[in-house]
Amino acid sequence: MRYVAAYLLAVLGGNESPTSKDLKKILDSVGIETDDERMNKVISELNGKNIEDVIAQGKYSLSVTVTASTSVTWSWECGIAAPS
């Protein structure tokens, strides 16, 4: 999560394509150690993508997950058979 947060901070600061050096600088400024492998994984997954689109997709995925689990819980509590 720290690498995603640093990436988002860099993008919000105007850097459209943050590098590992950029993220390391942000994280070092608040005393957080970095794992280059994990940091590079986040960068490779987000590089070239529109952050606003990624966030919107994440919100949609989260809402679908919450809605599905809420429906199953509600069905179970009401005595309605849950899907198998």
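The axes of helix α1 (residues 2-12) and helix α2 (residues 20-28) come within 9 Å of each other and cross at roughly 105°. Those axes are lines fitted to C-alpha atoms, for helices over the stretch in contact, with angles running from 0 to 180 degrees between N-to-C directions. The pair therefore counts as roughly perpendicular, the label for 65 to 115 degrees. On the α1 side, Arg2, Tyr3, Ala6, Tyr7, Leu9 and Ala10 meet Leu23, Ile26 and Leu27 of α2, where contact means heavy atoms within 4.5 Å. By type, the residues of this contact divide into 8 nonpolar, no polar and 1 charged. Here Ala, Val, Leu, Ile, Met, Phe, Trp, Tyr, Cys and Pro count as nonpolar, Asp, Glu, Lys and Arg as charged, and the others, Gly among them, as polar.

This is a predicted model, in which local features need pLDDT of at least 70 and side-chain atom pairs count only at pLDDT 80 or more, while totals for chains, interfaces and linings use all residues. Residues are numbered from 1 along each chain as its sequence is written, and side-chain values use heavy atoms, with hydrogens and water left out.

As for confidence, pLDDT is the predictor's own score for each residue, from 0 to 100. The protein has a mean of 82, with 75% of its residues at 70 or more. Helix α2 has the highest confidence, at 97, and helix α4 (residues 51-77) the lowest, at a mean of 68.

Zooming out, the protein has 4 helices and 0 strands, in the order α-α-α-α. Helices (H or I, at least four residues) and strands (E, at least two) are DSSP runs, numbered from the N terminus. Of the 84 residues, 15% count as buried; that means under 20% relative accessible area, with exposed over 50% and partly exposed in between (1.4 Å probe, protein chains only). The accessible surface is about 6500 Å², and carbon and sulfur atoms own 58% of it. Among contacts between residues at least 6 apart in sequence, 48% join residues at least 24 apart.

Two C-alpha to C-alpha pairs:

| Pair | Apart in sequence | Apart in space |
|---|---|---|
| Arg2 and Thr34 | 32 residues | 8.9 Å |
| Glu37 and Ser20 | 17 residues | 10.0 Å |

Arg2 sits in α1 and is partly exposed, at 43% relative accessible area. Beyond its neighbours within four places in sequence, Arg2 touches Leu27, Ile32 and Glu33. Glu37 belongs to helix α3 (residues 36-46) and counts as exposed, at 68% relative accessibility.

Definitions and conventions. Areas by Shrake-Rupley, 256 points an atom, 1.4 Å probe, with all protein chains shown as cover. Parallel < 35°, antiparallel > 145°, perpendicular 65-115°, else oblique.
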